[in-house]
Amino acid sequence: MGRPRILFIDAYDSFSNNIVSLLTTVLGADVDVLPIDPPHLDPKSAGFKDALRKQVAPYHAVVCGPGPGAPDVDKDVGIMKHIWDLEEQHLAPVLGICLGFQSLVVSCGAVVKRLRTGLHGMIREIDHRRAEEDKNVFANVPTFKATLYHSLHADIGQESVSEAEWQNAKWASPPLYPDLVPLAWTYEDRGNMVERILMGVRHREKPFWGLQYHPESICTESTGHQVIVNWFQEAMAWNRATGRKPESVLPGVEIGEKLRTTVLEDTSVADGPPASLRNDTALTSFGLEARYLSRSLDIPLHIEVPDVVEILQDGKNEFIVLDSASAKIRRTGLDVRGRYSIIALDVDETWKLEYRTGEGHVTARGPPAFPAEQDTAEEIKLGPEQTIWQFLADFWTKRRISGHETPEPFIGGFMGYTTYELGLEGIDVKLHEERRHSRADLSFAWVTKSIVIDHLEGILRIQTLSPSERTGSQWLESINDKLVHSPIWSNAMPANFGKARQHDYEITPPDTPTSGHITPKIGVPEAPEYEAKVRACQDYIAAGDSYELCLTDQTLITRPRSRFEGSLQKHPHDKTTSPSSWQLYRSLRTRQPAPFGSYIRLGRATLVSSSPERFLAFSHHGLCSMRPMKGTVRKSPAVSTLSASERILHVPKEEAENLMIVDLVRHDLHRVCGPGNVCVPHLLKVEEYASVFQMISVVEGSLPPHLTGLDVLAASLPPGSMTGAPKKRSCEILQGLEGPRGRERSLYSGVVGYMDVAGRGDWSVTIRSLFRWDDENDPCSAPGGASASDAVAGVGEMETWHIGAGGAVTALSTPEGETDEMFTKLKGPVGVFEEA
């Protein structure tokens with residue numbers, strides 16, 4: 001016999017791919033995935049039962065997976081509820097997990113109720129029946145602990161059993177539900193009572209089993225995997241005993257998809273570009289057949305990243321600066337210091353690709369044909385089935401350079417940002433109907449000239465992708481000369497671009513200047529309103545709709561636009577105008593240095609970020625790494641050391657927040673890396689940053705040869721640390737909760753980074769940041785903006801800056817605690833308007 005086949009029914013959970021990987025690796029099975037609501041299986045249609053029978057027939061067994069919602073709500077379980085009702089001659093062995101377990105229990109007449117407090121991300125010991133008896137999948141399994149992700153539980157009358165009778169009664173079928181045989185329990189001390197929670201069950205007659213806990217979680221002990229092995233042995237034994245032989249796939253019967261999917265399918269080089277790119281346009285030929293050239297020099301100790309930008313890029317319109325501002329600061333953690341900073345040069349002169357969700361085209365902006373003209377622009381229509389990611393893959397593939405003999409981490413290629421809303425499109429979450437703007441959700445520049453600073457070695461590398469070796473070498477020489485002949489390069493005294501200051505932890509408007517410009521208007525979230533949203537999140541969690549919701553809100557700062565905007569020159573004593581975005585960037589990197597800071601002016605957006613969180617990194621040979629960050633405590637006299645912060649963060653609530661996102665990230669990586677190719681080398685580690693301590697984990701995966709980092713990036717957005725789990729349902733809930741001010745997160749909760757021509761990439765989550773859009777400048781319409789009288793008084797053009805902040809809400813959260821965390825995260829970015 002060949003490899004066994006299992007059908008996995010997916011209820012749109014964010015841990016499903018982890019279960020598929022577990023089934024594949026532990027059982028050596030091939031697993032197909034089918035959603036709970038496939039179009040060809042409509043329970044209301046004629047012939048549904050026969051179609052479901054044909055769907056199940058080719059498989060040795062079926063697994064009904066976890067998901068949001070409740071087992072008695074049809075849309076939450078879909079076809080799952082009908083699996084239990086197949087006619088006896090068409091039955092297949094089935095294992096229900098979490099929601100699937102609850103669906104099985106409900107099919108037997110029992111009820112599902114809310115737990116007193118949800119147990120999402122909680123790790124508990126499983127009390128199971130070890131006796132070798134018929135159909136007991138826990139037989140001979142040693143004691144183990146497992147991860148729970150549920151707020152609903154099966155009520156089979158267990159609370160009516162006295163303590164004296166419990167030990168004998170707990171394995172017996174309850175009188176009201178004789179078809180259910182309990183196999184495992186766990187117990188939760190609620191202070192005034194102990195809650196008995198059913199963890200495992202089987203059907204007395206049919207080949208059905210169920211597990212309430214999550215066997216696939218990274219924190220479920222591997223000893224418990226024997227339960228899965230035992231279940232499949234029982235399933236195969238039932239098939240043999242009944243003479244059931246899984247059939248070949250019948251003609252016309254649709255089967256589930258394999259776990260591994262690629263966003264780049266049908267985009268091989270042989271396919272050629274879309275028809276709209278076949279013409280010999282400037283974009284089509286740009287960057288082809290380029291060779292990599294570089295030149296390195298030692299960088300003086302006093303030279304910082306902003307100094308290099310000011311020497312080389314003053315007077316430019318667009319910028320991409322990825323700044324490891326914490327590189328020279330002693331911190332504790334895996335990579336909190338960062339190593340490399342990357343500066344894109346002459347972004348004005350390269351091509352930029354922009355995409356807006358829901359639109360079927362890419363806008364390509366190129367350099368003007370003549371100096372006095374505007375940028376060249378092309379609108380490229382995507383094919384009927386083509387995604388933006390496939391378009392980018394095609395563009396990248398034609399310019400690819402082998403990474404084996406090129407230096408880390410970047411030699412040229414894509415640099416830019418995506419919004420949170422781009423990620424929502426990828427998981428089929430509808431945006432609000434009226435977006436009221438035409439801003440890009442993805443803006444990538446194809447960077448051919450750049451600087452890489454290696455802070456560990458003290459080396460600055462000038463580099464270019466040039467079609468001509470002679471032209472490229474001349475350019476390298478010119479940049480080298482411009483740097484070393486700059487006055488600041490040889491000045492042993494570092495420039496004082498920002499002052500360190502002591503500041504309290506209260507968010508206050510900046511001091512009123514002594515001169516003419518108006519004070520920025522800061523619209524901070526109202527604490528009572530935010531606390532109410534936290535309670536609403538917990539209502540959804542208690543109802544089983546989410547395990548964790550990453551709630552956020554936005555602060556809006558409206559002020560006159562700086563007269564010096566666009567200039568990198570310093571005007572430290574000029575109080576007649578607002579600080580420029582460049583001055584805000586310098587101030588933020590001084591206040592809050594971080595390994596993934598950035599300054600970006602691209603696609604009508606300006607972003608100033610001090611992000612501490614790496615989202616995704618990947619190498620040219622396919623190693624991917626994701627770095628979810630959950631659990632925050634701010635520095636204070638009482639919490640000033642790593643050990644003190646660990647005592648605060650290593651508690652069930654904080655660890656559960658991080659664990660849930662780790663399991664979600666594993667799911668995202670499994671989707672493209674495939675079963676058995678994902679691991680967690682670092683789990684629940686605490687790191688030190690300038691103003692806070694953070695708990696992080698590291699999840700790694702290995703890509704198959706035909707896939708690239710673009711696959712992982714597309715499959716993983718939006719970042720799980722900014723959504724909660726399950727991702728799709730959580731995002732839908734948050735869309736409604738975050739209200740008018742947070743209706744679009746925009747750049748906040750998106751990602752910033754690069755993918756170079758060799759296939760290497762590094763992307764950070766856009767948090768601890770401030771951003772603005774060029775088109776949001778109407779003094780009468782900007783939320784929280786200046787009044788019309790301000791404009792009449794000569795204030796001039798206004799601008800609105802956005803600062804997002806929030807945190808993960810769980811069943812154990814308190815509204816006051818979550819609100820305090822939100823304001824803690826808000827403090828650094830808001831502070832730049834106080835001191836810049």
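Trainee: Is histidine 120 buried or exposed?

Mentor: Histidine 120 counts as buried because its relative accessibility is 4%, where buried means under 20% relative accessible area, exposed over 50%, and partly exposed in between, using a 1.4 Å probe and protein chains only. This is a predicted model, in which local features need pLDDT of at least 70 and side-chain atom pairs count only at pLDDT 80 or more, while totals for chains, interfaces and linings use all residues. Residues are numbered from 1 along each chain as its sequence is written, and side-chain values use heavy atoms, with hydrogens and water left out.

Trainee: Where does histidine 120 lie, and which residues does it touch?

Mentor: Histidine 120 lies in the loop between strand 5 (111-114) and strand 6 (122-125), with strands being DSSP runs of E of at least two residues and helices runs of H or I of at least four, numbered from the N terminus. Leaving aside residues up to four places away in sequence, histidine 120 touches Leu148, Tyr149, His150, Ser151, Ile541, Ser546, Tyr547, Ala656 and Met660, a contact meaning heavy atoms within 4.5 Å.

Trainee: Changing topic, how many salt bridges are there?

Mentor: A search of the whole structure finds 54, each being a side-chain nitrogen of Lys or Arg within 4 Å of a carboxyl oxygen of Asp or Glu. One of them pairs arginine 291 with glutamate 469, the closest N and O atoms being 3.0 Å apart. That pair links distant parts of the chain, since arginine 291 is in strand 14 (residues 291-298) and glutamate 469 in helix 12 (residues 469-484), 178 residues apart.

Trainee: And why do those two count as partly exposed?

Mentor: Arginine 291 counts as partly exposed because its relative accessibility is 41%, and glutamate 469 because its value is 43%.

Trainee: What about arginine 760 and aspartate 756?

Mentor: Their side chains meet in a salt bridge at 3.0 Å, N to O; arginine 760 counts as buried at 1% relative accessibility, and aspartate 756 is buried with a relative accessible area of 0%.

Trainee: What is the mean pLDDT?

Mentor: The mean is 88, and 87% of the residues reach 70 or more, pLDDT being the predictor's confidence in each residue, from 0 to 100. Over residues 258-273, however, the pLDDT is below 50, although this stretch has 45 contacts in the model beyond near neighbours in sequence. Where pLDDT is low, the predicted coordinates should not be read in detail.
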